[in-house]
Amino acid sequence: MNNLQCEVLIIGAGPAGLAAALAAGESRQRIIMIDDNPRPGGQIWRDGPAVTLPAIALRYRQAVDVLDNFTLLSATK
């Protein structure tokens, strides 16, 4: 088991969690987001072979990917 340190912990990688991560990203504090799905998006932006995600979902994903103070723990409970 790993012990991780953060100032901001976000539970859930749905639209609200992703928006919270982007807002907190400006603070330069260490952010960890946990979600039980394999990819961010929550119940509303689920991934899959036949899914076309809305542009805003793709923008949110790309924006958090470039944050150097952000860690996403997918498939985590």
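D35 is buried, at a relative accessible area of 9%; buried here means under 20% relative accessible area, exposed over 50% and partly exposed in between, with a 1.4 Å probe and protein chains only. The model is a predicted one: local features need pLDDT of at least 70, side-chain atom pairs count only at pLDDT 80 or more, and totals for chains, interfaces and linings use all residues. Residues are numbered from 1 along each chain as its sequence is written, and side-chain values use heavy atoms, with hydrogens and water left out.

Back to D35. This residue sits in the loop between strand 2 and helix 2; helices are DSSP runs of H or I with at least four residues, strands are runs of E with at least two, and both are numbered from the N terminus. Setting aside neighbours within four places in sequence, D35 contacts G12, A13, L73, S74, A75 and T76, where contact means heavy atoms within 4.5 Å.

The loop between strand 2 (31–34) and helix 2 also holds N37. N37 has 12% relative accessibility and so counts as buried. Not counting residues up to four places away in sequence, N37 touches G42, Q43, R46, S74 and A75.

Next, the helices. The axes of helix 1 (residues 15–25) and helix 2 (residues 55–65) come within 10 Å and cross at roughly 40°. Axes are lines fitted to C-alpha atoms, for helices over the stretch in contact, and angles run from 0 to 180 degrees between N-to-C directions. Helix 1 and helix 2 are therefore oblique to each other; under 35 degrees counts as roughly parallel, over 145 as roughly antiparallel, 65 to 115 as roughly perpendicular, and the rest as oblique.

Which residues meet there? From helix 1, P15, L18, A19, A21 and L22 meet Y60, A63 and V64 of helix 2. By class, this contact has eight nonpolar, no polar and no charged residues. Nonpolar covers Ala, Val, Leu, Ile, Met, Phe, Trp, Tyr, Cys and Pro, charged covers Asp, Glu, Lys and Arg, and the others, Gly among them, are polar.

Last, the whole chain. The protein chain has two helices and three strands, in the order β-α-β-α-β along the sequence. Of its 77 residues, 35% count as buried. Among contacts with a separation of 6 or more, 58% are between residues 24 or more positions apart. The C-alpha atoms fill a box of roughly 35 × 30 × 15 Å along the principal axes.
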